[in-house]
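User: I would like to learn how to read a ligand site and a pocket in a model of this kind. Could you take me through both, step by step?

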Amino acid sequence: MLLLHLSDVDEASWARAFAEALAPYPVVRRGDDFDPKDIRYIFVWKPKPDAFDGLTNLKAVLSLGAGVDALLKHPKLPDAPIVRFVDADLSQRMSDYVVAHVTMHHRQFSRFRDDQKARRWSQYYPPAAGETTVGIMGMGVLGQDAVTRLRPLGFDLRSWSRTPKAMEGVEGFAGDQQFDAFLAGTDILVNLLPLTPQTTGILNRKTFAKLRRDRLAGGPVIINAARGGHQREADIVAALSDGTLGAASLDVFEVEPLPPDSPLWDQNNCYITPHIAAISNEASGVRYFSRALMRHEAGEALPNVVDRSRGY
Ligand code: NDP
Ligand code: OXD
């Protein structure tokens with residue numbers, strides 16, 4: 001039996017779609033009448049504290065989110081494998097966000113917007129894409145997809161990951177030892193890391209100060225589409241105010257929703273979106289998890305199982 005336990009999304013709609021895809025395999029929701037011992041799979045998003053109570057025969061936890069940092073902190077998380085969402089549609093949506101914000105900053109959107117407001121005719125030619133380096137932190141599913149979409153646009157690309165990665169047309173950096181060298185040649189820093197103890201707060205003042213300063217006219221730029229826990233928002237406000245950063249695009253925040261009194265709202269060069277960079281699509285999510293479940297029932301291995309010791 002599959003149990004759905006979803007907060008902040010339309011659980012009823014996902015349940016209908018799962019029931020249709022998996023029939024006659026039973027699918028239940030929290031309020032339904034079932035014996036917790038019959039639950040073999042639970043599909044979760046923002047599970048409540050009692051989400052896993054009584055599920056003694058669980059074969060896997062299926063995570064609607066690609067990021068599992070919050071799930072891994074659940075105090076009663078059972079010792080079953082966790083399958084995270086990996087999906088072409090999700091990757092495409094994330095890359096749409098990344099490409100939009102990279103190109104916006106490369107073409108100095110803030111500068112020309114301010115010039116227009118001031119009715120100022122000031123000719124400035126942005127560097128060519130090939131003279132502009134986009135540094136991507138995290139070369140996993142989403143980082144690699146972003147590379148395949150940024151490369152045809154001609155950007156100079158570099159990546160930073162935990163272990164070395166070789167991708168055509170991308171200068172790879174890995175590990176703490178190469179972090180500073182990676183930053184030193186980066187004009188637009190894109191964060192697509194998972195949130196782990198090692199990556200918490202990585203977008204801080206020290207990091208910003210190490211980015212390349214002489215290429216983009218307004219100063220280097222950060223784009224964070226991963227997790228709010230990666231960023232120190234007080235440092236971002238200070239860096240945007242004193243010119244250490246030229247601009248920032250933030251989709252995620254230390255506290256979500258971003259509180260109305262956050263100084264980020266008032267930053268002219270901060271582009272805020274409410275954690276919408278990429279949503280897990282219902283149709284492809286149901287397809288992906290139904291296939292994983294049925295194959296596992298038939299004795300096959302689960303896909304994209306989270307490595308708990310790494311935290312992603
Ligand atoms: P993956 O697990 O596929 O990739 C993670 C990458 O980060 C890997 O390249 C990994 O290195 C690297 N990494 C991990 N820890 C470190 C470290 N300490 N130092 C350097 N590199 C490190 O994740 P995804 O690409 O699927 O997703 C990334 C994140 O995006 C998710 O965890 C989630 O938080 C976020 N996300 C945000 C969404 C939104 O709407 N804003 C939507 C979906 C996801 P290595 O390759 O060596 O293992
Ligand atoms: C995710 C997210 O991790 O939407 O999938 O943030």
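**Ligand site and pocket**

Analyst: Ligand 2 is surrounded by Gly-65, Ala-66, Gly-67, Arg-227, His-275 and Ala-278. Please keep in mind that this is a predicted model.

User: By class, how many residues in the shell around ligand 2 are nonpolar, polar and charged?

Analyst: The shell holds two nonpolar, three polar and one charged residues, with Gly counted among the polar ones.

User: Which residues have polar atoms facing an oxygen atom of ligand 2?

Analyst: A polar contact is read from pairs of N or O atoms within 3.5 Å. Here a polar backbone atom of Ala-66 lies 2.8 Å from an oxygen atom of ligand 2, and a polar backbone atom of Gly-67 is likewise 2.8 Å from an oxygen atom of the ligand. With Arg-227 it is the side chain that takes part, through an N or O atom 2.7 Å from an oxygen atom of ligand 2. As for cover, ligand 2 has 210 Å² of accessible area on its own, of which the protein covers 86%.

User: What is the volume of the second largest pocket, and which residues are closest to its centre?

Analyst: Its volume is about 200 Å³, and among the 16 lining residues Gln-108, Ser-110, Arg-111, Gly-218 and Gly-246 are the closest to the centre.

User: Which helices supply at least two residues of that lining, and what classes does the lining have?

Analyst: Helix H3 (88–106) and helix H4 (109–117) each supply at least two residues, and H4 gives the largest share, five residues. By class, the lining has five nonpolar, eight polar and three charged residues.

Technical notes
Residues are numbered from 1 along each chain as its sequence is written. Chains are lettered from A and ligands numbered from 1 in the order in which they are written. This is a predicted model: local features need pLDDT of at least 70, side-chain atom pairs count only at pLDDT 80 or more; totals for chains, interfaces and linings use all residues. Side-chain values use heavy atoms; hydrogens and water are left out. A residue is near a molecule or strand if one of its heavy atoms lies within 4 Å of it. A polar contact is a pair of N or O atoms within 3.5 Å; within protein, one must be able to donate a hydrogen and the other to accept it, and residues adjacent in sequence count only if both atoms are side-chain atoms. Accessible areas come from the Shrake-Rupley method with a 1.4 Å probe; for residues, only the protein chains shown count as cover. On a 1 Å grid over the protein atoms alone, a cavity is a set of points where a 1.4 Å probe fits but cannot get out, and a pocket is an open set with protein on both sides within 12 Å along at least five of seven lines; lining residues have an atom within 4 Å of a point. Grid points are joined across faces, edges and corners, and a volume is the space filled by probe spheres set on the points. Helices (H or I, at least four residues) and strands (E, at least two) are DSSP runs, numbered from the N terminus.
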